Amino acid sequence: RITAEIGTTYVDVNVTNGALKWIKESGNGNTGWRVLIGDTGWRTLKASSLVTVNNKTSEVKIRRVNNWVSFTFGGLDWGRFGIIRRGANGFASFQRDTQAIILGGGGVPVGFRTPSSLIGNIYDDNGIYGSWYLGGNTDGNYLRFQFLSPIPTDRDIDDIRVSAVSYLTDDPWPTTLP
């Protein structure tokens with residue numbers, strides 16, 4: 001909304017959607033602005049396959065600080081994360097009995113997406129459980145877990161620990177927050 005020369009900075013005193021300071025990087029008129037200082041805070045995402053244990057439900061949170069995006073997984077005792085048993089109401093599968101959808105297609109919100117797909121490990125307290133896969137802009141912007149063994153049909157998994165999920169984004173600052 002502000003017309004300025006390249007290099008101009010603007011402070012949003014309302015910190016709209018967590019964006020405090022903007023810089024004019026390119027273009028003429030009121031286009032070409034990028035957030036220089038911003039923090040969305042932790043935002044809880046609407047996820048699938050989540051388990052509830054002792055009145056606590058697994059949760060997936062996302063945060064953007066400037067151009068850096070991070071996920072956190074937890075919600076259960078001792079900071080653990082969990083998924084509901086395969087076939088139960090709310091469970092979302094992918095293609096195999098070892099895979100669970102956590103965030104469906106487009107589940108990573110605009111403003112938080114990764115330009116390329118990423119992969120990392122998931123653990124229990126004894127070692128590697130499997131991996132997480134985060135689809136990038138050309139692969140649906142979704143998140144799935146892939147276990148080394150089939151996901152049980154007779155019990156929930158409530159002892160998952162997730163390796164760090166963080167990356168730089170090329171997305172513009174989000175116009176709405178999840």
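Before I start, residues are numbered from 1 along each chain as its sequence is written, and side-chain values use heavy atoms, with hydrogens and water left out. Since the model is predicted, local features need pLDDT of at least 70 and side-chain atom pairs count only at pLDDT 80 or more, while totals for chains, interfaces and linings use all residues.

Let me begin with the overall picture. The protein has zero helices and 15 strands, where helices (H or I, at least four residues) and strands (E, at least two) are DSSP runs numbered from the N terminus. Along the principal axes, the C-alpha atoms fill a box of roughly 60 × 30 × 30 Å. Of the 178 residues, 38% count as buried; buried here means under 20% relative accessible area, exposed means over 50%, and partly exposed is in between, with a 1.4 Å probe and protein chains only. The accessible surface comes to about 9,400 Å², and 48% of it belongs to carbon and sulfur atoms; these areas come from the Shrake-Rupley method with a 1.4 Å probe. If we take contacts (heavy atoms within 4.5 Å) between residues at least 6 apart in sequence, 57% of them join residues at least 24 apart.

Strand β1, residues 9–11, runs antiparallel to strand β2, residues 19–24, and three bridges join them, with Val11 having Lys21 as its bridge partner in β2. On pairing, two strands pair if DSSP finds at least two bridges between them. β2 also pairs in the antiparallel sense with β3, residues 33–38, over five bridges, and there Trp22 has Val35 as its partner.

Which residues touch the most other members of the largest nonpolar core? They are Phe71, Ile83, Phe145, Phe147 and Ile160, out of 27 residues in that core. A nonpolar core is a set of buried Ala, Val, Leu, Ile, Met, Phe, Trp, Tyr and Cys residues joined through side-chain atoms within 4.5 Å. At least two residues of this core come from each of β7 (59–65), β8 (68–74), β9, β10, β12, β13, β14 (157–162) and β15 (165–168). Leaving aside neighbours within four places in sequence, Phe147 is in contact with Ile83, Thr98, Ile122, Tyr129, Gly130, Ile157 and Ile160.

The aromatic residues deserve a section of their own. The structure holds eight aromatic pairs, where rings of Phe, Tyr and Trp (its six-membered ring) pair if their centres lie within 6.5 Å, and planes under 30 degrees apart count as stacked, over 60 as edge-to-face and the rest as tilted. The rings of Tyr10 and Trp33 have centres 6.5 Å apart and planes at 70°, so this pair is edge-to-face; it links Tyr10 in strand β1 with Trp33 in strand β3, 23 residues apart. Tyr133 and Tyr142 form a tilted pair, 5.9 Å centre to centre with 50° between the planes; Tyr133 is buried at 17% relative accessible area, and Tyr142 is buried at 9%. Ring pairs also link Phe71, Phe73, Phe81, Tyr129, Phe145 and Phe147 into a cluster.

Two backbone details come next. Most residues other than glycine have a negative phi. Ser49, in the loop between β4 (43–44) and β5 (52–53), has a positive phi near 65°, and Asn54, in the loop between β5 and β6 (56–57), has a positive phi of about 50°. Is each buried or exposed? Ser49 is buried, with a relative accessible area of 1%, whereas Asn54 is exposed, with 59%.

I will finish with Asp97, found in the loop between β9 and β10 and partly exposed, with a relative accessible area of 36%. Apart from neighbours within four places in sequence, Asp97 is in contact with Arg86, Pro150 and Ile151. Asp97 and Leu36 are 61 residues apart in sequence and 44 Å apart in space, C-alpha to C-alpha.
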